Amino acid sequence: MILEAKDVQGDLTEDVDVVVIGSGAGGGPFAYEMARAGKRVVILEAGGYYTSADFSEEEMEMVNKLYVDGGNQGPADGSIHILQGKCVGGSSTVNAMMCFHPPEKILNKWANEHGVTGLSLQDLMPAIEEVEEIIHVHEALPHEINAANRLVMKGCEELGWHNAPLRRNTKECLVSGSCMMGCAFDRKRSVLVTFVPMAVEAGARLYADAEVQTIHAKEGRANGVSALVKDRDSGEVKGRLTVNAKVVVVCAGAIQTPCILQRSGLANSSGMVGRNLAVHPGIVTGGLFEQQLNAWRGGVCGSYSAEFADDDKGGYYIEGGTMGPAMGGQVLPGFGEEFREIMRQYSHIATGNAIVHDSCVGKVTYNPDTGRADIEYEMDEDTARRSRDSIKQMARMWFAAGAKRVYTPFVDPLVLDNVDEIDRIDGRSMGPNQLSMVSYHPQATVRMGGDPRTSVIDSKGECHDVRNLFVADASIFPTSIAVNPQVSVMAISMHFARGILADQDRYFS
Amino acid sequence: MGSLNDTSTEAMVEDWLGRRSFLKRAMFTASAIASATMLPGCGNYPDAGAALRVLSAKEFAILQAVAETIIAPTGPGEPSVAQVRAIEHLDQNVLPKMPANVLSDFKSLLLTVEHAPILFEGALSPFTELSDADKASYLDGFMRSQYTLRKTMFQALKVVSVTAYFAMPASWSSVGYNGPFKWQLGDASPRPLGISTLKGGDPSMANPGALRIPSGGEPVSAAVETHDS
């Protein structure tokens with residue numbers, strides 16, 4: 001059963017085996033594993049429960065409803081928008097469905113440099129395979145690769161670069177193009193329509209509109225949480241929810257998970273909770289083409305290039321993706337008549353972005369005065385260099401695909417009319433707010449590792465400082481994972497849950 | 001228009017306001033400027049023509065003027081920001097859901113934009129009373145500034161303006177956008193697939209709404225609830 005604020009009247013207490021905080025890529029699979037093993041499970045989700053019937057596909061309405069802070073989350077200086085879902089299914093409900101295995105190089109780095117054990121690609125493969133079956137991952141079919149994504153592939157092909165269809169978690173895709181507004185047809189097989197209903201069918205209970213305030217622990221062992229169930233529109237507290245549990249799992253994402261731990265005063269002897277934020281800066285460029293593309297229609301993201309994925313070749317992936325004018329117009333340059341002229345040609349524009357493998361230099365701190373996360377992030381020199389390179393290479397790609405003009409993401413507009421102008425990018429500052437940036441993948445703020453002095457959780461997901469307190473979301477990554485993370489998060493979460501179930505006397509006695 | 005749009009002024013403002021907390025301090029700056037000057041028109045803002053939920057009439061007027069300057073609908077078939085009622089829609093449907101501190105920062109930003117022409121342009125008029133050309137020149141100074149503060153402010157204004165305007169169906173034909181998929185198909189929209197179940201076989205079985213308490217069901221209120229494995 002899924003309960004919402006409208007269903008709650010007064011205070012409630014639950015006594016369960018496992019409480020899962022968050023219902024996204026981490027929380028969904030974890031709850032499913034536990035519920036199907038016969039454990040009593042409660043899932044607490046701060047966002048609302050929305051289904052395909054609620055997804056209007058209208059950009060502003062859906063971003064406002066489904067994203068943290070209506071899409072306005074980010075550092076106080078506004079230098080980057082950090083987009084996360086705040087709804088049942090979490091970011092998996094609003095993402096562009098890109099599915100990558102965790103890179104073996106990255107997993108090896110975690111093992112060699114951070115003391116992570118038992119999380120090799122081979123160790124994770126059983127969970128990866130089951131995840132991919134459940135969420136229906138497959139290589140994008142020809143009709144799922146729209147005109148803009150085909151231009152990405154064409155440009156790469158012309159330059160002799162790697163390019164391939166993306167693997168996506170969709171079934172019978174209608175190529176509506178509204179992937180990031182919630183799939184109105186349940187074709188996106190997100191956690192919302194897979195792991196959550198399967199967990200509920202196995203006996204889990206999910207409370208939406210439930211904001212966890214504190215995790216409780218006694219004598220070094222977690223034993224439950226307190227939450228407030230709030231009306232989605234008015235914010236009125238409908239009831240206080242106390243969940244007593246033998247195991248507590250935090251899966252609230254890399255911004256909220258550290259805030260919950262900080263608020264609770266737990267698990268931070270290392271000082272690492274909230275630190276080491278990486279965000280995969282998304283660097284968007286666009287190409288203007290002679291032919292009409294209507295690039296907002298079709299699978300938002302359908303192709304990619306790993307030509308520059310290795311750190312010594314660039315350190316970023318290039319991915320196609322164009323949205324409607326309300327979201328897509330924000331990344332196109334200029335204002336006034338200059339901007340208006342660009343928008344008149346919107347149906348001839350394709351955009352794509354580079355996902356940059358960045359350094360862990362940011363920070364998340366819970367602010368008790370505002371009750372919100374204070375986020376600090378500024379690209380270091382390496383990340384700035386990679387980002388600049390990605391703009392140049394994407395420009396080459398668009399021109400090779402036949403673009404008449406290329407739009408770069410610099411706030412002070414830099415529009416290129418031919419490939420010879422690309423080096424003008426070298427003269428531009430990459431400092432804060434000098435270019436439009438967006439992040440879809442905050443991570444690494446509650447890092448995993450072998451040394452309790454430099455990490456928060458161990459290789460099984462349990463906090464070094466607090467027994468029976470686990471973390472299972474993208475905050476556990478010791479470094480940026482370099483690829484779109486949803487499959488990695490789901491698989492690691494499932495793997496952690498299986499580890500707990502394999503040692504039940506330890507955790508449930 | 002005479003201009004104080006020089007690097008010394010910008011450096012001073014940038015240093016004083018600071019990048020990370022600029023909006024908090026910008027509120028003081030805007031208030032200080034507004035109260036310390038005898039700018040004409042400071043208290044005279046037109047009625048928004050609609051009942052406002054979040055914005056004051058002054059804030060509405062500022063944001064509308066900013067959005068018109070940024071969007072610049074000038075060609076045939078290009079409705080104005082006012083004609084598509086973008087700012088009314090924003091005020092009624094989006095701003096009420098913004099976190100309080102984000103909304104407060106945004107209102108401070110609007111005040112700063114309105115009253116800062118005297119700082120950056122040497123202009124005695126607030127933004128809303130500048131000519132269209134001077135409005136564009138003023139915002140151009142923000143966009144091209146070498147200082148992070150003004151760029152930050154410009155980006156925030158552009159994002160809000162673009163989102164608000166192009167969220168309105170009346171704006172879509174001007175950019176060749178044919179609207180969301182459901183919008184196009186209407187009653188011919190395909191049925192949703194449904195949610196996965198554990199009962200094996202084809203996951204296109206269940207209605208997502210089946211997971212909710214039935215409509216009209218009793219609210220949940222209990223001292224202790226346990227549920228069976």
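A:Asp7 is a buried residue, with a relative accessible area of 6%. Keep in mind that this is a predicted model. The side chain of A:Asp7 pairs up with that of A:Lys6 in a salt bridge, 3.0 Å from N to O. A:Lys6, for its part, counts as exposed at 52% relative accessibility, because anything over 50% goes in that class.

Next up is A:Asp209, whose side chain meets that of A:Arg232 in another salt bridge at 2.8 Å, N to O. This pair ties together distant parts of the chain, 23 residues apart. A:Asp209 sits in the loop between strand 8 (205-207) and strand 9 (210-218) of chain A, while A:Arg232 is in the loop between strand 10 (221-230) and strand 11 (237-250) of chain A.

Then there's the salt bridge between B:Arg212 and A:Glu4, at 2.8 Å from N to O. B:Arg212 is in the segment after helix 11 (181-185) of chain B and A:Glu4 is in the loop between strand 1 (2-3) and strand 2 (12-21) of chain A, so this pair joins two chains.

| Residue | Relative accessibility | Class |
|---|---|---|
| A:Glu4 | 3% | buried |
| A:Asp209 | 4% | buried |
| B:Arg212 | 22% | partly exposed |
| A:Arg232 | 32% | partly exposed |

Over all chains, the count comes to 39 salt bridges.

Key:
Residues numbered from 1 in each chain as written. Chains lettered and ligands numbered in written order. Predicted model: local features only at pLDDT ≥ 70, side-chain atom pairs only at ≥ 80, totals over all residues. Heavy atoms only, no water. Salt bridge = Lys/Arg side-chain N within 4 Å of Asp/Glu carboxyl O. Helix = DSSP H or I, 4+ residues; strand = E, 2+ residues; numbered from the N terminus. Buried < 20%, exposed > 50% of the residue type's maximum accessible area, 1.4 Å probe, protein only.
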